[in-house]
Amino acid sequence: AVALLVLGDERDALAPLQLLAGAARRDVTAFATGLAGAWSRLVAPLLGAPVVYAAAGENPGAPGQLSLARLRRDYFFPDLPPIQALFGIVGNPVFHSLSPRLHNGCYRALGIPALYLPFHVDGFGDFWLDVVEGGAFEALGLPLRGLSVTAPHKEAALAVAGAESPLAGRIGAANTLLWNDGVWEAESTDPEGVVLPIRARGLEVRGRHAVVIGTGGAGRSAAVGLAAAGARVTLSNRTAERGRQVAHELGLPFVPLSELAPSDFDLWVQATSLGRSDDDPFPFDPSSLARGSVVVDLVYRTGRAGRAGSSETTPLLAAAAARGAIVIDGREVLLSQALGQFRRMTGQEMPIDLARELLDMPRLAGSAANLEEAHS
């Protein structure tokens, strides 16, 4: 096999794939190096490349190289079925995301001929113009039909869409882009990600005094979703000026982070990026949380979920659980928002018990029924 490596950004990632498509040979491996080109490693075999290079352990031999374990678990290599459509997640960072494992695992179980890719993107506008709107995937015979969007690109995702749902417009950000009859449509399922797991535990949202910390796309979505469900929502943010601006846009009260009083709230949503590292400070002091308070952390760790105090949960949730709070892991949020995304992208329902297994979440008695009832 001949290996061709192309250095560059997401625009350059298309060049080796175009070479593969034009060569129509089975003895050429071509892909782009770097984080922005990692997805090209996954598409290359669909165009005839006989080899995919992988790291034996978790430390990559080159930027953008995935581990052998991840190739097998998240993308089901080397057993590749025919693929008729592509989906993916766009973000920065993006390789921590469990979304590819979740979506690809459900595609396989349901026999959906699709592949879900990780797009590490620095500039969303360039990616959109050069990769998406340029029709590059269609030219390769692999049409792109939907994107999940994560930080920091949710506002840009709304801006590029040809149509938007009232909910996405209200939030001012989108976590979902769908190709529909020639138009890219913006939607947000993020509000469901916060509301559904609370309801699935048999808890009422209406009437709760909620505070959402963080005013990016995820924080705004959580605030709008909770307010629509009847909670009394307050916004808080590390940068007060930004927080007040978003609070004004959403018509919600704002309290600076330094002035939050734990006794004023019984529902807390952590919507910042803090918590992926043990060195990160707490977004708020959990030592004064009242027993029975609900704490939702949008951040999640890799590994097995559901063990408070272990390395697989965030330090915030471990501390909150020790205070007797009801804690909701970021993977619960991921699963709950993914239900609507999956339905819109594929026209099928995501199998919830399988999804929990794919995310290494404990299988709870009645979990599927509880989530489905909450979603309805």
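Modeller: Let's start with a word we will need: contact means heavy atoms within 4.5 Å. This is a predicted model, where local features need pLDDT of at least 70 and side-chain atom pairs count only at pLDDT 80 or more, while totals for chains, interfaces and linings use all residues. Residues are numbered from 1 along each chain as its sequence is written, and side-chain values use heavy atoms, with hydrogens and water left out.

Colleague: Thanks! What does Arg238 touch?

Modeller: Leaving aside residues up to four places away in sequence, Arg238 touches Leu257, Thr272 and Leu274.

Colleague: Why is Arg238 called exposed?

Modeller: Exposed means over 50% relative accessible area, buried under 20%, and partly exposed in between (1.4 Å probe, protein chains only). Arg238 has 55% relative accessibility, so Arg238 counts as exposed.

Colleague: How far apart are Arg238 and Ser258?

Modeller: They are 20 residues apart in sequence and 8.3 Å apart in space, C-alpha to C-alpha.

Colleague: How do you know which lining residues are charged?

Modeller: Asp, Glu, Lys and Arg count as charged; Ala, Val, Leu, Ile, Met, Phe, Trp, Tyr, Cys and Pro as nonpolar; and the others, Gly among them, as polar. By class, the largest pocket's lining has 15 nonpolar, 20 polar and 6 charged residues.
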